[in-house]
Amino acid sequence: MKIVAISLLFSMLACNTQDQNKQQVIPESGDFSESNINLSEERMALIKSYTAPLIIDTSFLWKDTVYTLTLKHFSSMDSGLTIPAKYNFDTNTAFTTHNFKSQLILVKQGDTVINKEITKDTFKKSLTPEFESYGTLLFPALRIKNDAIEIGYSLSIPVTDVGIPVAILFRTNGSYEIAE
């Protein structure tokens, strides 16, 4: 029993020592040269997403009523964003990409309650000049709770870690508001 306890103790110490040796590199303000993110891979993933829309098609029951929801998040294929070289830390050249947007359709027993296109302009109050010029909606997250449908995004400059969270809240009666 002593041998098992001593072995367990040494194992825990070894794991603890290994964790202490792992240090997260946090670049100083403005210094992104030591980031663990492979920007080339991120750029390729973004380019692949142009032709791979995210589609969520689901139904839910609220107060004995069935609702059918379809959310499609996709590239507008507009070449509408030219990300300046100062944001492309690996290539130091400008990068042209597309805006992304979503289409939400909510149907209540055969009647369309919501048919709304969501773009970065939907979040106009959150747009700084940089996000207005270079930002787009990425990484949608859908949450349904009771009669509320919340869609959250990262309003981001593509292939950077520059972004802010934004969300829009829809009600099953067709109303919506920007979540703050």
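**View 1. The cover over the buried residues of helix H2.** What covers the buried residues of helix H2 includes strands S4, S5 and S7, where cover is judged by contact, that is, heavy atoms within 4.5 Å. The model shown here is predicted, and for this reason local features need pLDDT of at least 70 and side-chain atom pairs count only at pLDDT 80 or more, while totals for chains, interfaces and linings use all residues. Residues are numbered from 1 along each chain as its sequence is written, and side-chain values use heavy atoms, with hydrogens and water left out. Helices (H or I, at least four residues) and strands (E, at least two) are DSSP runs, numbered from the N terminus.

View 2. The buried residues of H2 are Leu39, Arg43 and Leu46, and because they cover an arc of only 60 degrees around the axis, they lie on the same side of H2. The arc is that of the directions from the helix axis to the C-beta atoms. On the other side of H2, Glu41 and Lys48 are exposed; here buried means under 20% relative accessible area, exposed over 50%, and partly exposed in between, with a 1.4 Å probe and protein chains only. At the start of this helix, a side-chain oxygen of Asn38 reaches to within 3.1 Å of the backbone nitrogen of Ser40.

**View 3. Asn88 and its surroundings.** Asn88 is found in the loop between S3 and strand S4 (95-97), and it is buried, with a relative accessible area of 1%. The side chain of Asn88 makes a polar contact with the side chain of Arg43 (3.3 Å), and it also reaches the backbone oxygen of Thr93 at 2.7 Å. A polar contact is a pair of N or O atoms within 3.5 Å; within protein, one must be able to donate a hydrogen and the other to accept it, and residues adjacent in sequence count only if both atoms are side-chain atoms. Not counting residues up to four places away in sequence, Asn88 touches Arg43, Ile83, Thr93, Ala94 and Phe95. Asn88 and Val159 are 71 residues apart in sequence, yet 7.5 Å apart in space, C-alpha to C-alpha.

**View 4. The largest nonpolar core.** This core has 30 residues, and those with the most contacts inside it are Leu104, Ile118, Ile151 and Phe170. A nonpolar core is a set of buried Ala, Val, Leu, Ile, Met, Phe, Trp, Tyr and Cys residues joined through side-chain atoms within 4.5 Å. Among the elements that give two or more residues to this core are helix H2 (39-49), strand S5 (100-108) and strand S8 (148-156), and S8 gives the most, with 4 residues. Leaving aside its neighbours within four places in sequence, Ile118 is in contact with residues including Leu104, Phe123, Ile151 and Phe170.

View 5. S7 and S8 form a hairpin with 2 residues between them, and Asn146 in the turn has a positive phi of about 55 degrees.

Definitions and conventions
Two strands pair if DSSP finds at least two bridges between them.
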